[in-house]
Amino acid sequence: MSIQYYIILCLTLFSIGVVGVLTRRNAIIVFMCIELMLNAVNLLLVAFSKMYHGAALQSAANTTAGIDAQIFVFFIMVVAAAEVSVGLAIIVMMYRNTHSVDINFLNRLKN
Amino acid sequence: MKIIIGFIVLWPLVGFLLNGLGRNIWSKKTIATQATGYIFASFVFSLIAFWNVQEQGAIVVHYFDFINTSTIKIPFDFRVDALSSLFLLVITGVGTLIHLYSSAYMHEESAPHYARYFAYLNLFIFSMLLLVLGDNYVIMFIGWEGVGLCSYLLIGYWFTNTTYNNAAKKAFIMNRIGDLGFLLAIFWLIVKLGTVSYGEVLTAESLAKLSSTDITAITLLLFVGAMGKSAQIPLYTWLPDAMAGPTPVSALIHAATMVTAGIYMITRTNIFYTHSEIAQTVVAIIGISTALLAATIAIKQNDIKKVLAYSTVSQLGYMFLGLGVGAYSGAVFHVITHAFFKALLFLAAGSVIHAMHHEQDIRKMGGLKSKLPITHLTFLIGCIAIAGVPPFSGFFSKDEILAAAYAKNPIYWFLGVVGAAMTAFYMFRLYATTFLGQFRGTEAQASHLHESPISMTLPLIILAVLSAVGGAMGVPEILGGHHWLSHHLSSIIGAEHALHLSHTTEWILMGTSVAIALVALLIAIGKYSKQADGEPQTALGKFLYNKWLVDELYENAIVQPLNRLAGFLKDVVEKNVIDGVVNGTGKLVQYGARQTRLMQSGQVGYYILFMVLSIVLLFLIWFNDLAITRFLHNLIQ
């Protein structure tokens with residue numbers, strides 16, 4: 001499959017994420033949109049890695065060139081999981097304090 | 001030799017430091033002994049240096065490098081040669097006598113002020129010695145500035161008097177104007193030749209490197225410096241005001257130091273002047289104009305020191321006339337004889353003022369002949385010497401300048417003789433009004449009249465002897481002498497114009513000038529021995545009495561416009577423009593801060609929006625830097 005499809009898919013996912021972050025007020029949904037952007041980038045990373053590895057295989061068999069990005073993505077997912085737990089914990093605390101997950105309630109930080 | 005020459009300069013500095021720092025410790029006797037002693041030590045060392053120069057020629061000693069870079073090297077060297085050794089003797093010799101005289105003249109001052117006075121006096125001599133001894137123009141400039149500073153300090157010695165302080169400031173500022181010319185000349189030399197040492201600058205090779213424009217510019221700029229220091233038109237007005245200082249200071253400024261600096265500098269640079277016809281003409285014309293202007297003013301002044309001050313300006317004019325017509329040794333000769341008789345006249349005037357309890361108006365004197373016999377006799381000798389009556393010293397030096405002036409252009413000679421006649425007239429007007437006729441002062445003054453103590457009369461007697469016989473060092477051939485001075489200076493003065501005057505012409509010139517001076521002298525004695533000058537009646541008299549209104553002219557043409565400009569800058573430019581910029585910056589920051597603060601709304605959505613927009617902007621710039629550069633480039637063009 002051509003790389004363009006992957007790029008367009010990632011762009012779409014990323015844009016949905018951006019628009020979601022900018023428009024929604026529910027903290028959970030904003031959080032999910034951030035994850036969406038993160039995973040769009042992950043997907044793009046894997047797609048490029050695969051493309052590069054495939055090209056390298058043409059010239060030399062048994063090469064490992066280009067697969068490091070796929071390994072890298074695993075690390076990103078692990079870190080993202082940790083980040084999600086921290087983020088969700090913050091949202092839970094927010095809900096306990098305000099009984100709401102509306103981010104506009106957070107303007108108490110203003111002063 | 002290196003140490004001896006160094007100590008000529010160091011003795012006065014030691015005296016300055018000791019008296020300046022220990023002014024609360026020493027008694028007045030110690031202070032005066034120290035100050036006079038160090039100058040005398042300097043005089044003795046100068047004598048040793050002088051004899052060495054007589055035997056082995058010029059001596060240049062190196063101490064250290066004053067400025068040392070890849071492009072320019074200015075060593076701290078001293079040069080003792082025929083010219084500077086003569087000046088050394090005059091400065092330290094006359095300086096010693098003035099110190100001795102001051103020790104009695106200033107006895108009314110309290111000890112700390114007495115010490116301050118002598119410290120300044122020593123510093124003055126130190127600066128002047130530095131000026132004369134330096135082997136390059138930069139060292140000369142250090143001394144040059146030093147005497148300017150000391151003249152300021154000494155003229156304003158009685159600093160509680162505002163008039164005196166103003167006179168001091170005037171002297172300083174007038175000198176600064178001249179100094180600028182000198183400084184520019186030094187820069188010009190550095191740019192064109194890369195050196196300022198006499199040994200390298202004053203040579204035929206460096207003359208060949210300079211265009212005639214360069215030489216004219218350098219000589220004229222140096223002359224601007226000399227105008228300030230040696231009180232020539234248009235910068236002479238400080239010298240008469242310098243009378244605010246104590247009388248021995250006037251003697252020091254007018255005779256031994258300071259005003260002779262300009263003559264010294266031009267004589268030092270004589271080979272440049274000889275190569276610039278324009279500069280010579282300018283020097284001669286300024287010189288003779290100053291001589292005549294000051295002489296006319298002196299005729300109508302009634303302050304004993306003012307008359308002497310204008311006579312100094314006038315005599316300096318003669319010296320510059322001599323320099324302008326190429327009679328360099330004549331000018332130096334006149335410097336030396338003038339140092340003798342002008343120091344004598346000032347010190348004698350000081351003795352009179354001392355006896356009269358600080359009365360300076362000659363209309364209130366008269367008949368002092370019998371009360372102050374020594375002062376009277378010495379003052380008379382000084383007057384005869386300055387009037388140019390043979391065989392006193394002034395006759396020889398003035399005659400040499402006038403003869404050289406005649407050889408150059410008879411008009412100079414004619415004007416010079418007119419000036420000489422005026423000199424004889426105003427000096428004997430001063431003498432007759434002060435010493436002859438009836439006493440016109442108050443009863444109290446009459447009862448206190450007394451001859452000054454020995455420490456004041458001794459310098460007078462020595463200077464009177466020197467004024468009388470000082471001409472012996474330059475007796476011209478026509479009178480049977482062989483002019484020792486001009487032979488002595490022949491190594492310094494490259495191409496002096498030989499006088500192509502026949503002996504008959506010389507006799508006629510000499511006879512004419514002496515006859516005219518004698519006539520003027522007798523008229524003055526006849527007119528003023530009975531009564532003093534009243535208030536000026538005629539318009540011309542008032543004009544001269546008011547010193548040609550030159551001070552008023554400067555006041556209206558320069559000082560007032562400058563003050564108005566300063567006022568305009570203060571009230572308009574400062575208040576509106578500069579304050580506006582400063583306050584505007586503050587206001588802009590405050591306004592900007594107020595507006596930017598609104599961005600911190602607390603709405604998380606807005607923060608994220610700003611973040612995204614900023615990231616987009618960053619990416620745009622990152623990927624389009626080339627396009628942006630091109631856009632800006634086109635914008636500029």
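## Briefing on a predicted model with chains A and B

The C-alpha centres of domain 1 and domain 2 of chain B lie 57 Å apart, the domain bounds being taken from an automatic or database domain assignment. This is a predicted model, in which local features need pLDDT of at least 70, side-chain atom pairs count only at pLDDT 80 or more, and totals for chains, interfaces and linings use all residues. Residues are numbered from 1 along each chain as its sequence is written, while chains are lettered from A and ligands numbered from 1 in the order in which they are written.

**Confidence**

- The model has an ipTM of 0.78 and a pTM of 0.79.
- For chain B the average pLDDT is 88, and 99% of the residues score at least 70; pLDDT is the predictor's confidence in each residue, on a scale from 0 to 100.
- Where pLDDT is low, the predicted coordinates should not be read in detail.

**Chain B as a whole**

- Three domains are assigned in chain B: domain 1 covers 276-531, domain 2 covers 560-594 and domain 3 covers 599-637.
- The C-alpha trace of chain B spans about 110 × 65 × 55 Å along its principal axes.
- Chain B contains 27 helices and 2 strands. Helices (H or I, at least four residues) and strands (E, at least two) are DSSP runs, numbered from the N terminus.
- Chain B has 637 residues, of which 49% count as buried. A residue is buried if 20 or more other C-beta atoms lie within 10 Å of its own, exposed if 12 or fewer, and partly exposed in between, with C-beta atoms placed from the backbone.
- Taking the contacts in chain B between residues at least 6 apart in sequence, 82% join residues at least 24 apart. Two residues are in contact if their C-beta atoms, placed from the backbone, lie within 7 Å.

**Helices H16 and H17 of chain B**

- Helix H16 (residues 328-355) and helix H17 (residues 373-387) of chain B have axes that come within 9 Å and cross at roughly 145°. The axes are lines fitted to C-alpha atoms, for helices over the stretch in contact, and angles run from 0 to 180 degrees between N-to-C directions.
- From H16(B), the residues B:Phe341, B:Leu344, B:Leu345, B:Ala348, B:Ser351 and B:Val352 take part; their partners in H17(B) are B:Thr375, B:Thr378, B:Phe379, B:Gly382, B:Ala385 and B:Ile386.
- The residues of this contact of H16(B) with H17(B) comprise 8 nonpolar, 4 polar and no charged. Ala, Val, Leu, Ile, Met, Phe, Trp, Tyr, Cys and Pro count as nonpolar, Asp, Glu, Lys and Arg as charged, and the others, Gly among them, as polar.

**Contact between the chains**

- Chain A and chain B each give 9 residues to the contact.
- On the side of chain A that touches chain B, 6 residues are nonpolar, 2 polar and 1 charged.

**Backbone features in chain B**

- Most residues other than glycine have a negative phi, and most peptide bonds are trans.
- The peptide bond from B:Ile233 to B:Pro234 is cis, with omega near 5°. B:Pro234 sits in the loop between helix H9 (212-229) and helix H10 (238-241).
- B:Pro390 and B:Pro391 are also joined by a cis peptide bond, with omega about 0°. B:Pro391 belongs to the loop between H17 and helix H18 (393-408).
- B:Lys547 is not a glycine, yet has a positive phi of about 60°. The loop that holds B:Lys547 runs between helix H24 (539-545) and helix H25 (550-597). B:Lys547 counts as buried because it has 20 C-beta neighbours inside 10 Å.
- B:Trp548, not a glycine either, has a positive phi of about 60° and lies in the loop between H24 and H25. With 14 C-beta neighbours inside 10 Å, B:Trp548 counts as partly exposed.

**Single residues**

- B:Leu489 is in the loop between helix H22 (484-488) and helix H23 (503-528). It is buried because 22 other C-beta atoms lie within 10 Å. Leaving out residues up to four places away in sequence, B:Leu489 touches B:Ala82, B:Leu83, B:Ser329 and B:Val332.
- B:Ala41 is part of helix H2 (residues 28-56) of chain B and is partly exposed, with 19 other C-beta atoms within 10 Å. B:Ala41 and B:Thr96 are 55 residues apart along the chain, and their C-alpha atoms are separated by 9.3 Å.
- A:Val84 belongs to helix H3 (residues 68-98) of chain A. With 15 other C-beta atoms within 10 Å, A:Val84 is partly exposed.
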